[in-house]
Amino acid sequence: MPLPQTTLEQWFVLQTVIEKGGYAQAAVHLHRSQSSVSYALSSLQLRLDLPLLEIVGRRAVLTEQGQALLAQAQPLIAAFTQLEQRAAGLKGGVRTQLSLVVDSVFPKRQLFSALKIFQQQFAQTQVHLTEILRTESARQLSERAADLYITTLAPEDAQSGRWLLDVDFIPVASCEHALLQLHAPLSATDLARYPLITIADRDAQRQEKRRLDPAASWTFTTVEAALDAICVGVGYGWMPLERVKSALESGALCRLPLAAGTVRQTPLYLTFGADLDAHDRTVNALAHIVRQEIAAMPS
């Protein structure tokens, strides 16, 4: 296959001339002389044997052929620019991949906001996210295969991690549930008459079956499934306040009026992977962004 007759630099110069409106403006933007810009475009058109530009008034505009060809070249220009940015990041110690393990009760809005900010700052880094349940925290941390963890287990020392936030859990049920027809406040005896909806992995589910009367507790492996079960009246449950706010506002769920202990708190901790370099720029940046998003949460 013969070598290309044109260069990526020539196509980039053409794109800049169109974006800036003329040769002189493009030369200033590219920190080149106007004659070098003119030469690059003349060479490009000569090698293609096609007119790509024409001057209308004082502005350089694309011909019909130029529009078609530049449109095809632009994805290549963008890809090559991204390639060079990634190379610069690698040279500066930026990671190409990062693994994050997050407890499923961590506030989703703050999680995805943090990931979006991180992506804007480290576009060349791919994040692999694994969502886990509280019952899986010990196993995940013992393996220490990820770079960063947000779990319910406290880190061993201050260097490996620290407290991040407390997640509030409140008791909720469908507003049509029989519990809400009883006199408030509800007692433990009242609650015991109806199934409790809980969240657990499969191993924990098997242990729960051996420990409890099957009618006393229904277990689900995701927060979403547990919420759906509560909304249709299968039972009641303790759910993260952040996850049920909209359902409470819409009337799909109601807060149970208990006699005591109307809020339970579960602490979440931010922990670094076991073999992580303390000065790892990429992982430390994500950890910092997550902390900022949590700090900005309304009280």
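Colleague: Is Arg95 buried, partly exposed or exposed?

Modeller: This is a predicted model, in which local features need pLDDT of at least 70 and side-chain atom pairs count only at pLDDT 80 or more, while totals for chains, interfaces and linings use all residues. Residues are numbered from 1 along each chain as its sequence is written, and side-chain values use heavy atoms, with hydrogens and water left out. Buried means under 20% relative accessible area, exposed over 50%, and partly exposed in between, with a 1.4 Å probe and protein chains only. Because its relative accessible area is 23%, Arg95 is partly exposed.

Colleague: Which residues are linked with Arg95 in a network of salt bridges?

Modeller: A salt bridge here is a side-chain nitrogen of Lys or Arg within 4 Å of a carboxyl oxygen of Asp or Glu. Arg95 meets Asp147 at 2.8 Å, N to O, and its closest N and O atoms with Asp280 are 2.6 Å apart. The residues linked with Arg95 in the network are therefore Asp147 and Asp280.

Colleague: How many residues apart in sequence are the parts that Arg95 and Asp280 tie together?

Modeller: Asp280 is buried, with a relative accessible area of 11%. Helices (H or I, at least four residues) and strands (E, at least two) are DSSP runs numbered from the N terminus. Since Arg95 lies in the loop between helix 4 and strand 3, and Asp280 in the loop between strand 11 (264-272) and helix 11 (281-295), the separation is 185 residues.

Colleague: In which helix do Lys245 and Glu242 both lie?

Modeller: Lys245 forms a salt bridge with Glu242, the closest N and O atoms being 3.1 Å apart. Lys245 is partly exposed at 35% relative accessibility, and Glu242 is partly exposed at 38%. The two are three residues apart, about one turn of the helix, and both lie in helix 10 (residues 241-250).

Colleague: At roughly what angle do the axes of helix 1 and helix 3 cross?

Modeller: Contact means heavy atoms within 4.5 Å, and among the residues that meet are Trp11 and Leu14 in helix 1 and Leu41 and Leu44 in helix 3. Axes are lines fitted to C-alpha atoms, for helices over the stretch in contact, and angles run from 0 to 180 degrees between N-to-C directions. The axes of helix 1 (residues 8-20) and helix 3 (residues 34-48) come within 9 Å, and they cross at roughly 115°.
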